[in-house]
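Subject: Handover of a structure

Dear colleague,

Please find the structure below, together with its sequence. My notes on what was found follow it.

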Amino acid sequence: MRKVAIIGAGMTKVARRHTMTPQELVWDASRKALEQAELSINDIDCVVIGSAPDSFDGVHMKGEYLFGGAGRGKPSSRVYIGGATGVHIVNTAWYHVASGSCDKVLAIGEEKMSPAMPHPQSVFKFIWDPILEKPLEPNLLWIFAMEMARYMKTYNIKKEDIALVSVKNKANAIGNPYAQLPGKITVDDVLNSEVLVWPVNRLDVSPVSDGAAAVVITSEDIARRHKSPPVWIEGVGWALDNDSWAGREIAYPRYLEVAARIAYKMAGIDRPWKQIDIAEPYDPFDYKELQHIEGLMLTPRGKAPEYLKEGYFNRDGELPTSSCGGLLGVGNPIAASGLMKIICLFWQLRGEAGAMQVKKDVHTGVAQAWGDLMQASTVVVLRS
Amino acid sequence: MGGSHAGINGGGPQELSGNMTQIEYVPAAKYSYAAGQATSKFLLGLKEKKVYGRLCKKCGRIYVPPKMYCEECFRPTDEWVEVSQYGIVQTAIATFVSWKRERLETPIIAGIIRLETPREFGDSYTFPGIFHFINANYDEVKDLSIIGKRVKIVWNDERVGSILDIKYFEEVKE
Amino acid sequence: MSWEKNGRDEKLVIWRDNMEVDKFIYSAGIAGSTFIEGLARKKLVGSRCPVCGRVFLPPSSYCEYDFAETVPYEINEDPFIELVITINYDDEGELLKDPVKIGLARFKGVTGGLLVRVEGDLKSGSTAKIKEWKWPLTVG
């Protein structure tokens, strides 16, 4: 199989209610990525689009609709596995190029959650089983609260320890020009914020957002001709668990470990806690970042909070995570967020992250996204 | 005529404000879901105050809610079994936001209950678990002491063949 | 091993539910807003690509051929109605008391076109005038 690299990236500002239409968001992110890649839209031979439920934007067959912002007359694939979509966009573009089918792929993630009224949360009501779960009138936060409570009980972790992730990520977002919610907060701010669904407080959660991101992915010979160093896609993996989330031990995401092992094997990594320099674990909630760090086997199970307290995951730490702000700081436009995290790694691995650049020299990074009702996870390993 | 479209390259505010044109649409989709064989029998069983599961004889797993095929063995499950009404609380939460996004004074408590079954499974990662309400007080949820407690189904007096025929799970006082 | 053979319809439960979103509010977007403002001034505002020179209607903020940012461009041509169709039933299948006529309006030198309401007995393949500037436009 051919070697594959990312040579350009772009994203829109992430906002609660964006002025641009979904297509305009896609175009804005795409042209920035193309500019950095020094390619024109007519050079692109294939397009991959990732976007989560049509019922956010309120346009059916969203993949086709969004394609209007991605040029014309090209083969296009849409991917959608909830929040895991963002990383899956790159995994999908990877096999388009690795197989030899395409040479230059424009890979895009977009989400416009704001059109759904009265609140995008209402769309999430569809995630539940209509007969066995929806009649209890749960909202999406219940799922995370249940998982968080189980995680805390199983490994004896306190809310204060978890809140540090929110503090770290929102602070990391300061200096990210695209971020929706950068800011300096404290653990007390998190603990004192409104209790939504115990144990989840308002500041434990990432916001509802609109935004788009895009990358240009090419084959090796095109990447090597480019003036800036490419970032190689060295390992891809993805896995789904069943939909019986109530019948599983939700303290640990086994499906993430499955996906991670596939990606690590491909990248020749057998001791991820030593061989990974920088990580972007999916952080829609603060406890999720810790749980995903453990699922990625970067620390032993239940131990991530201890490492966090010691500063291990800070920008100047041993294994920086969510160094550009993560979802908690930048925002969470569902399908685009995983791709935003990959773009952060892209910048970091090329030394282009500016004010957000991590202290140590980094060459191998892992990005991960997660989605649906405790079901899907996607992993990608990048190297510079 | 030249000029430019306003606000593309940071030339205007990115956040949507009142003066940007907006268009409204009210969707009118309604759905009729078929419960299927397994769920239908399960729901009709709840009406009779019984909890039914499906047994796979090959690996010994009991599925509650029932499934007509075994996920591990990838073969049809073999028979219906009646399952215990007792279980252990796996996790519990307390919501202060209602279905209609209103603030609640007293939280609604719900969680996952691992039902007791006649046989033990090989792996502790999966089990027959039900997502439902728990009748407990907020303090027990807050200090996580509710997790691990043994609970039992309390039935609704009026049952129609719905998951709500179970009123909630309540701690068993030994 | 077997499937249950007693799948009688009366024993199967049907659960009814509805779409959860009350309504959608769409932003018209950058070019869309310029277009709607133009209608208020009784003008058709498309967009022009500075690279290929194509003029788009409805306007798009970018050219899909060159990916370049477009600029607003007023269209002063009369609409040419390429096709007129008559609709006799509503979207629930009920017969309409008064059939509705829809036309595909093209404009000279413009890529794209608009769907418009047609009044009178305008035939396919004729030039028309815009009678009402409320959206959707009415021609006759």
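I begin with one pair of residues: A:Val197 stands opposite B:Thr95, which lies in β8(B). This is a predicted model, in which local features need pLDDT of at least 70 and side-chain atom pairs count only at pLDDT 80 or more, whereas totals for chains, interfaces and linings use all residues. Residues are numbered from 1 along each chain as its sequence is written, while chains are lettered from A and ligands numbered from 1 in the order in which they are written.

The strands concerned are β6(A) and β8 (residues 86-97) of chain B, which run antiparallel and are joined by two bridges. Strands pair here if DSSP finds at least two bridges between them. Helices (H or I, at least four residues) and strands (E, at least two) are DSSP runs, numbered from the N terminus.

Chains A and B meet through 36 residues of chain A and 42 residues of chain B; two residues are in contact if their C-beta atoms, placed from the backbone, lie within 7 Å. On the chain A side, α6 (140-155) and β6 (195-198) are the elements that give two or more residues. Of these, α6(A) provides the largest share, seven residues. That side divides into 17 nonpolar, nine polar and ten charged residues. Ala, Val, Leu, Ile, Met, Phe, Trp, Tyr, Cys and Pro count as nonpolar, Asp, Glu, Lys and Arg as charged, and the others, Gly among them, as polar.

Chain C also touches chain A, with 18 residues of chain C in contact with 25 residues of chain A. At least two residues of the chain C side come from each of β1 (14-18), β2 (23-27) and α1 (29-40). The most, five residues, are given by β2(C). This strand pairs with β5 (residues 116-117) of chain A in the antiparallel sense over two bridges, and there C:Phe24 is the bridge partner of A:Ala116.

The largest nonpolar core has 200 residues, and A:Ala145 and B:Ile93 are among those that touch the most other members. Such a core is a set of buried Ala, Val, Leu, Ile, Met, Phe, Trp, Tyr and Cys residues joined through C-beta atoms within 7 Å, buried meaning that 20 or more other C-beta atoms lie within 10 Å of the residue's own. Helix α15 (residues 334-349) of chain A supplies its largest share, eleven residues. Beyond its neighbours within four places in sequence, A:Ala145 is in contact with residues including A:Val197 and B:Ile93.

Yours sincerely

Methods:
A residue is buried if 20 or more other C-beta atoms lie within 10 Å of its own, exposed if 12 or fewer, and partly exposed in between; C-beta atoms are placed from the backbone.
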